[in-house]
Amino acid sequence: MAEYDSIASGYSDSKQLPFRVHIERYTLFQTLGDVRGADVLDLACGDGFYTRLLKEAGASSVTGVDLSAEMIRLAEESERRRPLGCSYVRADAASFRPSEPVDLVVAAFLLNYARTREELLRLCRVCRDSLRPGGRFVGLNDNPRVPPDGSASCLKYGFDRRCDGLPLRDGDPIHYAFPTADGSSFGFTNYYHSPATYQAVFRDAGFRDFRWVPVALDPAQAGDPFWGDFMRSPPITAFSAEP
């Protein structure tokens with residue numbers, strides 16, 4: 001997590017990129033639906049961006065978990081500046097257990113850090129074991145149904161997404177780079193797993209209902225041709241699962 005400690009500020013700023021506002025955030029909350037009164041666990045919470053939005057949307061309690069000390073520091077700093085009642089824990093999502101089961105587990109870009117099928121299964125089992133009966137697991141992910149192939153560029157949306165070679169196999173890296181205003185950039189690496197692997201892992205983790213949820217564009221942006229390339233080959237996706 002030293003990587004994320006060093007890029008925490010830039011990653012936090014990237015949450016304001018237009019695609020993150022009008023597609024990523026919009027899709028996540030459309031997939032979540034009504035969270036009022038829910039107890040929520042936000043795994044890989046980063047600086048608490050979605051943790052706070054979940055609380056503002058009416059969740060009864062929200063606990064954010066992240067392994068990066070700097071990300072948790074930023075999250076707690078935001079809570080001190082504007083208290084919402086969010087709680088934060090520095091811990092490895094792969095071994096975290098909440099003190100009590102929750103109604104909803106949210107994981108925005110957690111599963112795509114699993115390098116192996118076994119790591120992916122461990123993460124999904126943590127999420128399954130954290131849920132009350134009737135609970136749901138909802139998240140965002142690198143889109144395995146639209147892997148990078150060099151034919152579509154995401155640079156106009158504020159980032160680059162590349163792989164080392166094709167065809168992609170389970171565990172192959174996908175590299176993200178985000179240019180910044182000062183001419184530098186920051187980046188991180190995700191890992192590819194095929195749609196079939198995700199389906200099998202969710203089943204083995206105890207989820208009877210797993211589905212990919214295509215991204216959606218905020219209706220306020222409808223008709224803007226700027227979003228055409230992104231929506232035709234979306235690099236991200238949402239998902240929803242129930243045990």
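**Entry 1: the cavity**

I looked up which element gives most to the lining of the largest cavity, and α2 supplies the largest share, with 3 residues. Before going on I noted that this is a predicted model, in which local features need pLDDT of at least 70 and side-chain atom pairs count only at pLDDT 80 or more, while totals for chains, interfaces and linings use all residues. I also noted that residues are numbered from 1 along each chain as its sequence is written, and that side-chain values use heavy atoms, with hydrogens and water left out.

A cavity here is a set of points on a 1 Å grid over the protein atoms alone where a 1.4 Å probe fits but cannot get out, and lining residues have an atom within 4 Å of a point. I found that the structure holds 1 cavity of 30 Å³ or more, and that the largest cavity has about 110 Å³ of space, a volume being the space filled by probe spheres set on the points, which are joined across faces, edges and corners. Its lining has 13 residues, and those closest to the centre are Tyr11, Arg20, Phe109, Tyr176 and Phe188. At least two lining residues come from each of α2 (18-32), β7 and β8; helices (H or I, at least four residues) and strands (E, at least two) are DSSP runs, numbered from the N terminus.

**Entry 2: the sheet**

Next I followed the strands, and I found an open sheet of 3 strands in the order β6-β7-β8, with antiparallel pairing. Because β6 (160-163) and β8 (185-191) stand at the edges, each with a single partner strand, one side of each is left without a neighbour in the sheet. Two strands pair if DSSP finds at least two bridges between them, and β6 pairs with β7 (residues 173-179) over 4 bridges in the antiparallel sense. Within this sheet I noted Arg162, which stands opposite His175 in β7.

**Entry 3: the cysteines**

How many disulfides does a search of the whole structure find? I recorded 0 disulfides, where a disulfide is a pair of cysteine sulfur atoms within 2.5 Å. For Cys127, which is in no disulfide, the nearest cysteine sulfur is that of Cys124, 6.2 Å away. Cys127 is buried, at a relative accessible area of 0%, where buried means under 20%, exposed over 50% and partly exposed in between (1.4 Å probe, protein chains only). Cys154 is likewise in no disulfide, and the nearest cysteine sulfur, that of Cys163, is 12 Å away. I noted that Cys154 also counts as buried, at 9% relative accessibility.

Conventions
On a 1 Å grid over the protein atoms alone, a cavity is a set of points where a 1.4 Å probe fits but cannot get out, and a pocket is an open set with protein on both sides within 12 Å along at least five of seven lines; lining residues have an atom within 4 Å of a point.
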